[in-house]
Amino acid sequence: GPCTECSCSSGKEPDKDPSHTKKKENDRLCVPKIFFGTRTHKQITQISRELKRTAYSCVPMSILSSRDYTCIHPVVSNSSNRNEMCVELLEGKQGKSCSYYHGVHKLSEHHALQPVCQAWDIEDLVSLGRKLRACPYFAARELMLGADIVFCPYNYLLDPQIRDSMDIKLKDQVVILDEAHNIEDCARESVSFGVTESQLRAAREELELMVTNNIRQQHHEPLQAVCCSLI
């Protein structure tokens with residue numbers, strides 16, 4: 001049927017009120033991003049493959065993932081603690097820097113990742129990063145700024161520390177959670193950690209030393225008791 005919400009339904013001239021025009025411009029500027037959360041990185045690959053088959057294959061997109069999947073630095077990528085080594089390189093603590101990080105713009109601006117091309121996945125990003133000697137991890141974060149849809153694992157959306165470190169702002173955005181029945185387990189994992197008995201014993205010894213030397217005794221005694229009870 002005919003439109004009943006705008007001037008075309010009554011044959012009137014369009015609203016020339018400048019405030020009306022300004023409101024329309026603001027509406028255009030406030031188009032939300034879609035954050036699509038999945039349980040595993042493998043599922044992101046499956047979903048990006050499905051996106052290629054739709055009419056929205058060429059929308060601006062990005063895929064956020066950990067350095068475990070996207071770091072291509074020959075030393076850092078083979079380390080057991082990629083995050084710390086990466087930060088140390090970026091801060092130049094040992095007089096060295098990361099040449100891959102400084103080439104991020106070559107990757108984020110590459111035509112293969114622009115909206116005119118088809119949807120891509122993590123493997124495409126990493127492969128192109130190796131070819132251009134540019135960091136896929138930080139390129140994905142750059143691409144997020146202009147993306148209409150951002151794919152990432154659940155914990156990037158649920159864990160406030162990860163959201164903060166990745167500059168993810170969810171206010172007024174659209175959040176889609178695939179297989180959302182897994183959210184409860186994921187939320188538990190994000191505030192949990194593993195600890196060994198030897199670590200507990202080492203912690204107890206250090207706390208005993210603190211208590212013996214009257215260093216913040218009121219704080220360290222309860223922690224010492226917790227370690228003893230767990231052991």
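Strand β1 (residues 34-38) is mostly covered, with four of its five residues buried. The model described here is predicted. β1 belongs to an open sheet of four strands, ordered β2-β3-β1-β4, in which the pairing is parallel. The structure also holds three aromatic pairs, and its largest pocket has a volume of about 240 Å³.

**Sheet order and geometry**

- The four strands of the open sheet follow the order β2-β3-β1-β4 and pair in parallel.
- β2 (61-63) and β4 are the edge strands, each pairing on one side only.
- From one strand to the next, the twist averages 20°.
- Helix α7 (residues 136-146) packs on this sheet and touches β1, β2 and β3. The direction of α7 makes about 145° with that of β2.

**Pairing of β1**

- β1 and strand β3 (residues 149-153) run parallel and are joined by five bridges.
- Within this pairing, Phe-36 stands opposite Phe-151 in β3, and Thr-38 stands opposite Pro-153 in β3.
- With strand β4 (residues 174-177), β1 pairs in the parallel sense over four bridges.
- Phe-35 has Val-175 in β4 as its bridge partner.

**Strand β3**

- β3 is largely enclosed by the rest of the structure, because five of its five residues are buried.
- In a regular strand, side chains alternate between the two faces of the sheet.
- In β3, Ile-149, Phe-151 and Pro-153 point one way, while Val-150 and Cys-152 point the other way; all are buried.
- β3 also pairs with β2 in the parallel sense, over three bridges.
- Ile-149 in β3 is the bridge partner of Met-61.

**Aromatic pairs**

- Three aromatic pairs are present in the structure.
- Tyr-101 and Phe-138 form an edge-to-face pair, because their ring planes stand at 80°, with the ring centres 4.9 Å apart.
- This pair links distant parts of the chain, 37 residues apart: Tyr-101 lies in the loop between α4 (82-91) and α5 (104-108), and Phe-138 lies in helix α7.
- Tyr-137 and Phe-138 also make an edge-to-face pair, because their planes are at 90°; their ring centres are 4.9 Å apart.
- Tyr-101, Tyr-137 and Phe-138 form one aromatic cluster.

**Exposure within the aromatic cluster**

- Tyr-101 has a relative accessible area of 35% and is partly exposed.
- Phe-138 is buried, at a relative accessible area of 13%.
- Tyr-137 has 8% relative accessibility and therefore counts as buried, the cut-off for buried being under 20%.

**Largest pocket**

- The volume of the largest pocket is about 240 Å³.
- Its lining consists of 13 residues, and Ser-66, Arg-67, Asn-83, Tyr-137 and Tyr-156 lie nearest the centre of the pocket.
- Helices α3 (67-70), α4, α7 and α9 (160-165) each supply at least two residues of this lining.

**Glu-208**

- Glu-208 is placed in helix α11 (residues 197-212).
- At 33% relative accessibility, Glu-208 counts as partly exposed.
- Glu-208 and Glu-221 are separated by 13 residues in sequence, and their C-alpha atoms are 7.9 Å apart in space.

Methods. Residues are numbered from 1 along each chain as its sequence is written. This is a predicted model: local features need pLDDT of at least 70, side-chain atom pairs count only at pLDDT 80 or more; totals for chains, interfaces and linings use all residues. Side-chain values use heavy atoms; hydrogens and water are left out. Buried means under 20% relative accessible area, exposed over 50%, partly exposed in between (1.4 Å probe, protein chains only). Two strands pair if DSSP finds at least two bridges between them. Axes are lines fitted to C-alpha atoms, for helices over the stretch in contact, and angles run from 0 to 180 degrees between N-to-C directions. Contact means heavy atoms within 4.5 Å. Rings of Phe, Tyr and Trp (its six-membered ring) pair if their centres lie within 6.5 Å; planes under 30 degrees apart count as stacked, over 60 as edge-to-face and the rest as tilted. On a 1 Å grid over the protein atoms alone, a cavity is a set of points where a 1.4 Å probe fits but cannot get out, and a pocket is an open set with protein on both sides within 12 Å along at least five of seven lines; lining residues have an atom within 4 Å of a point. Grid points are joined across faces, edges and corners, and a volume is the space filled by probe spheres set on the points.
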